[in-house]
Amino acid sequence: MRYAETGYNLEVDLTRGNIEKVATNPKETELYLGGLGTNAKILWDRVPPEIEPFSPENLLIFSAGLLCGTPATGCNRTIVTTISPQTKLMAFSMMGGFFAPELKYAGYDKVILRGKSPNLVYLWINNGKVELRDAAHIKGKGAIETAEIIRKELKQPKAQVAAIGLAGENRVFFASIEQGRSSASRGGIGAVMGDKGVKAIVVRGTQDIHVAKPAEYMDLCNEVMQYIQFRNDNPIPGVMPILAGLGSPQEMKVHDEKWHTENFMWGNSRVRRKGFWTDEIAGEWMETLDKARTRLISCYNCPMTCGATISMPGLPTYMMKCFTKLTYTMGAFSNLDFGLKIAQRATEYGVDGFSAPQVMAFALELLENGILSDKDFPDMPQDNEGRFYYLLDKIVRREGIGDVLADGTHWAAEAIGNGAEDYAHNNIKKHEQLPLKLSMLNPIYFLMYSTGEKMNITQIEGQFPQAPYPKREHREAFVKDWHHVPDEKFKQYFVDWEPRGEKSMPFYPTVDMCCDIVDWQEKMHYIDDALGMCAGLSSFPLKPPYHIHNYPKFISAATGFDMDEASLSQAAKRYRTLVRAINIRRGMRRKDDQPPKNHWKKRFPELEKELLDTYYRFKGWNDDGIPTQASLHELGLDYVSEDFVKRGILTEGEDAPSKVAAAQQETK
Amino acid sequence: MKGKKEKKTIKTIKIDVDKCNGCRACEMICSAFHAEPKYSSNNPARSRIRIIREPLRDLYVPVYAGEYAVAECAGRDKYTIDGKEYDECSFCRASCPSRDEFKEPDSGLPLKCDMCEGEEEPLCVKWCPHDALILQQREEEGEAQDPQDELENLEIGLEALADKYGMEKIKDAVARISKKV
Ligand code: SF4
Ligand code: SF4
Ligand code: SF4
C-alpha cells in the first residue's frame, strides 16, 4: 500500500479526449517527495526547452502536496506547474483552500493536462469516474460564477472547483486560476489553462488517505496544534504586527495600514506617500472593511482565518486574502472602497492581484508621458477609478491597447517601444514584483530577489528576522526559544547583528552568512511546496510550527520511508536544482539573476558581485549560475548533466559554460 | 430492570455557527479517529459531523450524525434564517435513504456520532480552533440504561444492511459466518 500519497496520477490528453489513471513510481517520491518536486521531474522529462508555453506539448500540472489529505494542520496546497507565457520559464504557483485534499480523497496525487481541447471543456473528477464535459454554456463567465454554475448542474455542493475567468480564456499573461477563497495567480498559469481549452477542474473525493505510522503521526500533529496555540497567544515582540504572528499576512483582520500605505509605492510602483495615513483615512477605511467583511475564513484544516468573505454593496460576494486588499487601491491612488470593489471584478475575470494593477498604472504612466496617446484609449473616462475599470476590461478582452497590455509590462513595453521599457521598471525575469523601492542594499534580500526562481519575494523570504532589534539583550532574548534554526550558528549571526556600525548592513551579515541564511530560507519554502504545506505556518513566519527538525519525522511517519534532516535537505536541494536546470535549459543565466535596477537607491556593485559569486559556489553552480557536473552528480542528477553536455550548456569534465552555448541560449 | 433510577452524564455539544470558519478540521479528525486502526486513514466523507459550508451565502453549520432512518420522511422542512435559505433537510441528523449524508461512502452503512467514546473530550471539539464547538456536561437523574439498548443498536445496523442488500442475502451471510465460528 502507498502511504500519504495515493500513488496515482491522472493523465488527460485534451486533444484526443483521452483520460488515463497512471500508477507512479514510489522511488520518485523518495527522491523528489511530491508536489513541486515531482512536478519538476515531470516537466524536465516531458517538456524540452523547444516547447513554447502555448504549445499543445506544454503540460499544466495540478499537484497535491505529499502530506495533503492527512491530519497535518494547514497542509492543503495545490502546486500548479507549467511553462509561463510571461517569463518563458518554469512557473509554479500555489493555491490553498480545499482543492488538494479533495483531489487526494478522489484517489489522485496529480492531474496532468496535455494537448489542447478543440472546444472549451471542464474536467469532472468524481472518484474513479472522470470525464471531460462541454463548457460552451459557461464561456466568458466569471471564475467564481463558473464554480457555482458547475456545482449546481452536477448537483455536487461539496465538489471543489478550480476555474479560470475571461482573462484565462483570452490568454492574458497574468491570468490566475481561482478556487473560492484561494488562487494560483503568479506566472500566468491561467493563460495556459485557457490555451488548453479547459475552463475548470472539478473534483469530489470520498476515499481514504493512509498514513504509515498512525500513532506517531497524530502525536506530531497534536504537537503542532499546541504550538500554533502557543504562538497565537505569544506574538513575537518588537516586530510589526504582520510579522508577529502565524498565517499569511493577516490583511483581512488588520485595520492599521500605515506601514503598507506609507512604505510601499503607489501608482506604477513610483510614489511614496509619507504622512498618508491620517486619522480620517484610518476611520474611513476601517468602516469600509468592517462593512464589507462578512466572515473570516480558513483553508482546509487550518485555524488561521487568513481569508474573508467580502460583500460590497450591489456587487456579488467574493473571497479575498492577503495583499490584493491594497494593490488596486494603491495602483490607482484611490481608497479601500474602490480597491475592494474592483477586486470583485478582477477576481471573476481571474487576474493576478500583483501584476494587474501595475500593468494598468504602467499604461497610465505611458499616457501621461506621451509615449501612448489619447488615441490609444478611445472613450476612456477621466477619473482614475473609471480608468482602472476601463483598462481592466480592455485587458481581459484583449481589445485595442488592452491586447498589448495583456502580455504584462515587459512585453508591452517591448511592443510599444519609444522608451516604454523604462516604465516596465519593477520586474524580475519579466515578472512584476511587489511595489517596493528602498534606500540601502540589503544583502540577504539581494540574493533572494536575484536567485529566487519563484520570482516572488514572499515565496522565498521568512524564518530569519528582516532586521536586527536595536538592543543586544532583545536579540539574545529572541534566540532563546529559537529551536527552529538548522544550526546553532544562526543564533550568533542574529545576536551580533547591529542596526548601525561595523556589524550592520550591507556588510553584515557577511557574504558567507548571507549564503547560509538565504539557503535556509529558500529550503524551507521548497520543502513546503513539495509537502503542500502553507508557507503561513512554515517557511514564511518567524518561529513557525513546522521546521527542519520536525519535518523529517512527519514525512517518515506519514510515508513510512526513512527520512532525516540530511536526507530531507538533500531531497530539497535535488529538486530545487532541477527547477534551476529546467530554467537554465530555457536560457536563464546569471544576467537574469538581478533585482529591479531601482529597487535600492544605494547599490554596491562589488559586494553584489561577491555575493552572487559566493552564493553560486555555495549552491554548486558555476559563475554563470549553471549547476556543475560535480554537484549534479552528487544529487543523482546525472541525466541533467548529460543533457547539458549534449546541448553544449556544459562541457564534459569542465565546470565552466562553453561560450557558444552561452551565446545561443541568450534569452531574447 | 425498567424504572430503576441512576445518575447519568449528559454531554451536550454547544454549536456556535457564528464562530465557524469552515475549516472542516472537525470532519477530518472524526474520520481519522474512527479509522481502523485508529488514525490510520483520513476521509472526511466518513465523518460523523458535517459542515454545511457555502461561503458565498455565508452558510456555516456543523451538523452531527444521529439515528438511522429506514425510510425518508414524507414531510420535509426547509428553513430560512436571517434571510438565508437552507436546503431541504439541512439540519436533520438522520442517515436516511434520501441522501448521501452520514453514510460510509463504499458500503452505505449508516454513521452515527458516538461522542468519541473512550476519549476525554470529543475530538471534533478538541480540534475546532475557534470554539464553534464546545462540550458541556451535566449530571442528571434518569432511567437506567437497559442492556437491551446495545442489542437495539445491533438491530439498527442489521436493519440498514437488510435495506441495502435484502434480507435473504443477510441471512445467507449470517449462516456462512456461523459455520466459520
Ligand atoms: S495559514 Fe491561512 S492561508 Fe495558510 S492554510 Fe491556514 S488559513 Fe490558509
Ligand atoms: S463527537 Fe466524536 S464521533 Fe461525534 S462527530 Fe465529534 S469527533 Fe465524530
Ligand atoms: S472545526 Fe470548528 S470552525 Fe472548523 S469547520 Fe468544524 S465547527 Fe467549523
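A residue counts as near a molecule if one of its heavy atoms lies within 4 Å of it. The model discussed here is predicted.

Q: Which residues come nearest to ligand 3?
A: The shell around ligand 3 has 10 nonpolar, two polar and one charged residues. Of the 13 residues around this ligand, those that come nearest are Cys20(B), Cys23(B), Arg24(B), Cys26(B) and Cys128(B).

Q: Are helices α12 and α14 of chain A roughly parallel or roughly antiparallel?
A: Helix α12 (residues 336–349) of chain A packs with helix α14 (residues 384–397) of chain A at an angle of about 5 degrees, and their axes are 11 Å apart. Angles under 35 degrees count as roughly parallel. The angle therefore makes α12(A), relative to α14(A), roughly parallel.

Q: How many charged residues has the contact of α12(A) with α14(A)?
A: On the α12(A) side, the contact includes Lys341(A) and Arg345(A). The α14(A) side contributes residues including Glu385(A), Asp393(A) and Arg397(A). By class, the contact has eight nonpolar residues, no polar ones, and charged residues numbering five.

Q: Which are the edge strands of the open sheet of six strands in chain A?
A: The strand order in this sheet is β2-β1-β6-β3-β4-β5, with mixed pairing, and the twist averages 15 degrees from one strand to the next. An edge strand pairs on one side only, and in chain A the edge strands are β2 (18–23) and β5 (90–95).

Conventions:
Residues are numbered from 1 along each chain as its sequence is written. Chains are lettered from A and ligands numbered from 1 in the order in which they are written. This is a predicted model: local features need pLDDT of at least 70, side-chain atom pairs count only at pLDDT 80 or more; totals for chains, interfaces and linings use all residues. Side-chain values use heavy atoms; hydrogens and water are left out. Axes are lines fitted to C-alpha atoms, for helices over the stretch in contact, and angles run from 0 to 180 degrees between N-to-C directions. Helices (H or I, at least four residues) and strands (E, at least two) are DSSP runs, numbered from the N terminus. Angles under 35 degrees count as roughly parallel, over 145 as roughly antiparallel, 65 to 115 as roughly perpendicular and the rest as oblique. Contact means heavy atoms within 4.5 Å. Ala, Val, Leu, Ile, Met, Phe, Trp, Tyr, Cys and Pro count as nonpolar, Asp, Glu, Lys and Arg as charged, and the others, Gly among them, as polar. Two strands pair if DSSP finds at least two bridges between them.
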